Amino acid sequence: MRYIKLPSENFEKFFKSLGEWGTMYAPVKRGSIYSFQEVHSPAEIALDYNRTMLPPKKFFFRPREAILRLKNGRWEEEVEAEPMVLFGLHSCDIHGLKILDKVYLDEPADPYYKSRREKTLIIGISCMPDEYCFCKSLGTHFAMDGFDLFLHELPDGWLVRIGSVRGHEIAWENGELFEEVTDEDLANFKEFEEKRAKAFQKELPQEGLADMLDLAYNSPVWKKYADICLACGNCNMVCPTCRCYEVCDRWMDAYKAVRERRYDSCFMENHGLVAGGHNFRPTRLDRFRHRYYCKSYFDPSAGYNCVGCGRCDEFCPAKIEHVKVLEEVRGSLK
Amino acid sequence: MSENPYMTYNARILEVKDLTSREKLFTLRFLDPEVGANFNFKPGQFVIVDIRGFGEFPISICSSPTRKGYLQLCIRKVGRMTKFIHKMKEGDIIGIRGPYGNGFPMEEMEGSNLILVAGGLGMAPLRSVLWYAIDTGKYENVWLLYGTKAYEDILFRDEIIHLLKHGEAMNCSVKLAYEVESPSCIYLERGFSDRVCKGVVTDLFRGEEFDVNNTYALICGPPVMYKFVIRELLDRKLSPGRIYMTLERRMRCGIGKCGHCIVGTSTSIKYVCKDGPVFTYWDALSTRGLI
Ligand SMILES: Cc1cc2nc3c(=O)[nH]c(=O)nc-3n(C[C@H](O)[C@H](O)[C@H](O)COP(=O)(O)OP(=O)(O)OC[C@H]3O[C@@H](n4cnc5c(N)ncnc54)[C@H](O)[C@@H]3O)c2cc1C
Ligand code: SF4
Ligand code: SF4
Ligand code: FES
């Protein structure tokens, strides 16, 4: 890793130079929530945001998009991707993208996701946890890769970690904006990270978690929560690692149709429905449990399917808390 | 060729044949001979059928890779899209992508006995195995145990009756169980009293012994069938690793993206479309919800 320093007074120039790469998106405040939106000046950005409602997955795997277009009986593909800069991603969201990469870049790669991913610059930013965050428990509170540049807040600027060749190029081309990192900066960086580590309020112990959840398949706790759950699917929509989709063909006129995909949710009754009306997850309990199992699956090469961002808790209308459910299920094992 | 895995290849319907009142057999050929030549598949794999502007659905390949130049799909009319394809005629064009899934391990099983256990529409993927085994002659004996509702529901009836009569010469013995009595069934039962009976597919195991060290079982049928058939096989001491079954789940993409076919729990997530649809009984023991 190469480390450089961006002094506060150069931030605006740095921001402008990034804008030359492509359309810039960053967290902005909309009412009481944050969301990634197109921005044109640093003043629009909420640098100290906690989490956006929709995670950055929306830029790569869109809520709704055409995958093929039918014209006069022939499919045409449109793998268009505009260069983008995603500015201000938190570490958990960078990990979320890495989990999506596992799925969408795995052969055969999804061409839409892939081309957008390739044309996007990822600029990470440090953060302080709030009451919903539990990324530290999952090891996703710090990103070692998956970004081009990562900015860590210092009292008088930013400590910048360079995570890719593209990141190097940007630093190279804007050499005059950066300074060498001093001992004082390192001390500040260290202090910030230590303070941050102590700020986590929520914890999800990992020891034997996957096995204990599996063993507690028949736990009454699943039912307790499935009974409160509204099956609205919000938790799926806002999760940076949920990526189920449904496909549908739609006619535009007599000659043109599109094949569209859109976010799907495993809370929907027809998610596991097959021909003849057989449903592999017929009850809300089955579907509730399925989501928790899917999120808690541990892939030896990619970790859990949850990055601890806390979105599902913050945006659950039934106030169901992810960590609490898992802890109670585990606790219900006699 | 397109790099886009969602793009389908044009295939012409060469023939449409009624198998029963609900199932039709579609014989297809790719329009582009190069695509056809590159389309290699294994018994047990499936394709995604694309009816442009109406949608896509997964269907097992029911012809054998030993029979080149065409592809056969046996499609039951159950809903919107299958109804649509049932209206299509010879000469019509549809799209195909695939083949997908892992298929049965035909090479690993060479030299062994195969017991194919089919229930209803489960006959479709197993027909590919059946003809592959007969055509290659690389397997010791092939038994087909086929459970069907009624005489009218027997898929590939001509082939099944042909094998009842002449299968011996091809090291293939067929046994048939039917649930609803009819004059045709009784006539069949009279002709092949040792091989045709009223009952369900597990009844066909009665009196059967086989060399467990040299036999594989391949199962496909409705979800309820698996547990009962597996019990019969385990009772005869067949190893779980020699029991293969092919499963159905809702599928959209067929390539591990859309998430619909995911099964399992925190210790064992599997995609039926790419880790399966063929699984062994070991997989079922370690993956909750597989069967
Ligand atoms: C691996 C595999 C192999 C199959 N092989 C065969 C076969 O050889 N012959 C055969 O007749 N059928 C087979 N099926 C089932 C076949 O895919 C469904 O019958 C078909 O999708 C129903 O579509 P529909 O629009 O007519 O039905 P509808 O009931 O109208 O379906 C409603 C919706 O659910 C979807 N759907 C229903 N069942 C399934 C399913 N199993 N997988 C994905 N989507 C589904 C449909 O796409 C549709 O959008 C197979 C399924 C799988 C997963
Ligand atoms: S957001 Fe909450 S209420 Fe809605 S489906 Fe998820 S757990 Fe249930
Ligand atoms: S499950 Fe909840 S906490 Fe975990 S990544 Fe998804 S939204 Fe974030
Ligand atoms: S069918 Fe889409 S993931 Fe298996």
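Biologist: How are α10(A) and α12(A) oriented to each other: roughly parallel or roughly perpendicular?
Modeller: Keep in mind that this is a predicted model. In it, helix α10 (residues 284-295) of chain A and helix α12 (residues 322-331) of chain A pack at an angle of about 95 degrees. Angles of 65 to 115 degrees count as roughly perpendicular, so α10(A) and α12(A) are roughly perpendicular to each other. Their axes are 12 Å apart.

Biologist: Which residues meet there?
Modeller: From α10(A) you have A:F288, A:R291, A:Y292 and A:K295, and they meet A:H322, A:V325 and A:L326 in α12(A). The residues of that contact divide into four nonpolar, one polar and two charged.

Biologist: OK, switching to the ligand. Where does ligand 1 lie?
Modeller: Ligand 1 lies between chains A and B. It is surrounded by 23 residues, and the closest are A:A275, B:P58, B:R76, B:T82 and B:E248.

Biologist: What polar side-chain atom lies 3.0 Å from an oxygen atom of ligand 1?
Modeller: That one belongs to B:R252. The side chain of B:R250 also has an N or O atom 3.2 Å from an oxygen atom of ligand 1. With B:S60, a backbone N or O atom lies 3.0 Å from a nitrogen atom of the ligand.

Biologist: And how much of ligand 1 does the protein bury?
Modeller: Taken alone, ligand 1 exposes 830 Å², and the protein buries 88% of that.

Biologist: Which element gives the most to the shell?
Modeller: β4(B), with five residues. Overall, the shell residues divide into 13 nonpolar, three polar and seven charged.

Note on methods
Residues numbered from 1 in each chain as written. Chains lettered and ligands numbered in written order. Predicted model: local features only at pLDDT ≥ 70, side-chain atom pairs only at ≥ 80, totals over all residues. Heavy atoms only, no water. Near = heavy atom within 4 Å. Polar contact = N/O pair within 3.5 Å; in protein donor to acceptor, adjacent residues only side chain to side chain. Areas by Shrake-Rupley, 256 points an atom, 1.4 Å probe, with all protein chains shown as cover. Helix = DSSP H or I, 4+ residues; strand = E, 2+ residues; numbered from the N terminus. Nonpolar A, V, L, I, M, F, W, Y, C, P; charged D, E, K, R; others polar. Axes fitted to C-alpha atoms, helices over the stretch in contact; angles between N-to-C directions. Parallel < 35°, antiparallel > 145°, perpendicular 65-115°, else oblique. Contact = heavy atoms within 4.5 Å.
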